[in-house]
Amino acid sequence: MKLNLDPLLLQNLKQAKEILWLNPHLNEKESPLADVQGIADAEARLKRFASYFAAVFPETKATGGLIESPLTEAQNFISFLQKETDVPLKGRLFVKEDNALPISGSIKARGGIYEVLVLAEEIALKSGMLKLEDDYAVLAQEPFRELFAKYAVAVGSTGNLGLSIGIMSAQLGFRVTVHMSNDARQWKKDLLRAKGAQVVEYPGNFDMAISEGRKQAMKDPNCHFVDDENSLNLFYGYSVAARRTAEQLSQAGVRVDADHPLFIYLPCGVGGGPGGVAYGFKQLYGSNVHCFFVEPIYSPAMLLGLASGLHDGIAVQDIGLSGQTAMDGLAVGRPSKLIGRIVGHRLDGIYTLDDSRSYHYLKGIWQKEGIALEPSASASLPGYKIVQTDEEYKNRLTPVQWQNATHIAWATGGGMVPQEEMEAYRNYQPE
Ligand SMILES: *Cc1c(COP(=O)(O)O)cnc(C)c1O
């Protein structure tokens, strides 16, 4: 394969170095592949379902039936990052605790659940049993569960997406199947089965689980297959996070404008989660918000897709990388077909991180702030330091702008991880 890539960048990627890639294509042009109306639609749909959530998931009562997470200032953690550099670090740092999202404890509780709601609403409206103006709490009642039981939902996922789709679909009454590779964690399979989902396991790698899952779903016209790599509904579900977080920022006294820039660090797998969130923020703040993705050194899929311009036309294995990482949610070799094309030109850059460093920050945020994250989520934590210490990037802003800046590390998950597993993460020792 002939690659249109800067030779030094290619060499650094192949050697699995930690790098900060600055996006040469950054601009504010719109993408025809997505429509901002999708954000407003998702926000409105989630509001319609709020009374249902408050009824069946009591943990959402505090937020009026919205699936939302706290935005927590992490001042003590700054000193942890400051120890790693002589450059004085400036600005406020927050952690967006999607690890604490209700129902499934990860960012997938945004997009994944939203996609199931789109399906449920469509079926319920079409049946004539529900009208848009109704109180959606009725969806918890038996006639609706019987209606949904005629339909099936399927997903191929070894991780948080499977949990979110499985839990939500089963709660509504859908027949739901989660296709997994048989090396998936036992606790995930157990939990899904306990909630009423069917778990099908496949030998070999995870691609097999997805393609088999897709094939089986195709055979059943009443089965909806959740396609992580190509779904706009997932994307819009994630995008709603931006407006909600903007409210939290203003409650925390944070301004965002040209003199008060905002930075967001988002762990990236196929790209739907971070892409949706970034899309929402760009819509609100334009060039005053700076979005960065983070990927593991052995699976910089989005970076490779964007830098080469090939998107899903290239996988990390094509340049000799394994794609393997302890950051479960980010172990993706090939990026989404859509996301790079929609938000690729809106990212300031992508940094890559070694697994052992992610564990290091996982431990640090627990010690300094008492926040329990999984390794994928912890990858967002050093962004605050990385952008301010990069020789090239640090000069893009004035000292006053750095002083006034606000940073958000998007802590994408950890809420479902069992206690023993969490302790093993914290006690991790690099070889
Ligand atoms: C899924 C996931 C991500 C990345 O989201 P994508 O949509 O795959 O890019 C990041 N962190 C965690 C914990 C996840 O589960």
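Author: Phe 49, Tyr 52, Phe 53, Phe 57 and Tyr 136 form one aromatic cluster. The model is a predicted one.

Reader: How many aromatic pairs does the structure hold?

Author: The structure holds 20 of them.

Reader: Why is the pair of Phe 77 and Phe 80 called stacked?

Author: Planes under 30 degrees apart count as stacked. The ring planes of Phe 77 and Phe 80 are at 15° and the ring centres are 5.3 Å apart, so the pair is stacked. Both residues belong to helix α4 (residues 75–82), where they are 3 residues apart, about one turn of the helix. Phe 77 and Phe 80 are both buried.

Reader: What makes Phe 263 and Tyr 393 an edge-to-face pair?

Author: The cut-off for edge-to-face is over 60 degrees between planes, with centres within 6.5 Å for a pair. Here the planes stand at 80° and the centres lie 6.3 Å apart, so the pair is edge-to-face. This pair links distant parts of the chain, 130 residues apart: Phe 263 is in strand β8 (residues 262–267), and Tyr 393 is in the loop between α17 (383–389) and α18 (399–404). Both Phe 263 and Tyr 393 are buried.

Reader: Which residues touch the most other members of the largest nonpolar core?

Author: Phe 53 and Phe 148 do, in a core of 106 residues. Helix α5 (residues 108–127) gives the most to this core, with 10 residues. At least three residues come from each of domain 1 (7–36 + 63–104 + 235–426) and domain 2 (52–61 + 107–232).

Reader: What does Phe 148 touch, not counting residues up to four places away in sequence?

Author: Its contacts are Ala 120, Ile 123, Ala 124, Leu 139, Leu 172, Gly 173, Phe 174 and Arg 175.

Reader: What makes strand β4 mostly covered?

Author: Buried means under 20% relative accessible area, and 5 of the 5 residues in β4 (residues 152–156) are buried. Ala 152, Ala 154 and Gly 156 point one way from the strand, while Val 153 and Val 155 point the other way. In a regular strand, side chains alternate between the two faces of the sheet.

Reader: How do you know that β4 pairs with β5?

Author: Pairing needs at least two bridges, and 5 bridges join β4 to β5 (residues 175–181), the two running parallel. In one of these strands, β5, Thr 177 is the bridge partner of Ala 154. From β4 the chain passes through helix α7 (residues 160–172) to β5, a right-handed β-α-β crossover.

Reader: How many bridges join β4 to β7?

Author: There are 4, and β4 and β7 (residues 223–226) run parallel. Val 153 stands opposite His 224 in β7.

Methods
Residues numbered from 1 in each chain as written. Predicted model: local features only at pLDDT ≥ 70, side-chain atom pairs only at ≥ 80, totals over all residues. Heavy atoms only, no water. Buried < 20%, exposed > 50% of the residue type's maximum accessible area, 1.4 Å probe, protein only. Right-handed = clockwise from strand over helix to strand, strands pointing away. Core = buried A, V, L, I, M, F, W, Y, C linked by side-chain atoms within 4.5 Å. Domains from an automatic or database assignment. Contact = heavy atoms within 4.5 Å. Phe/Tyr/Trp six-rings, centres within 6.5 Å; stacked < 30°, edge-to-face > 60°.
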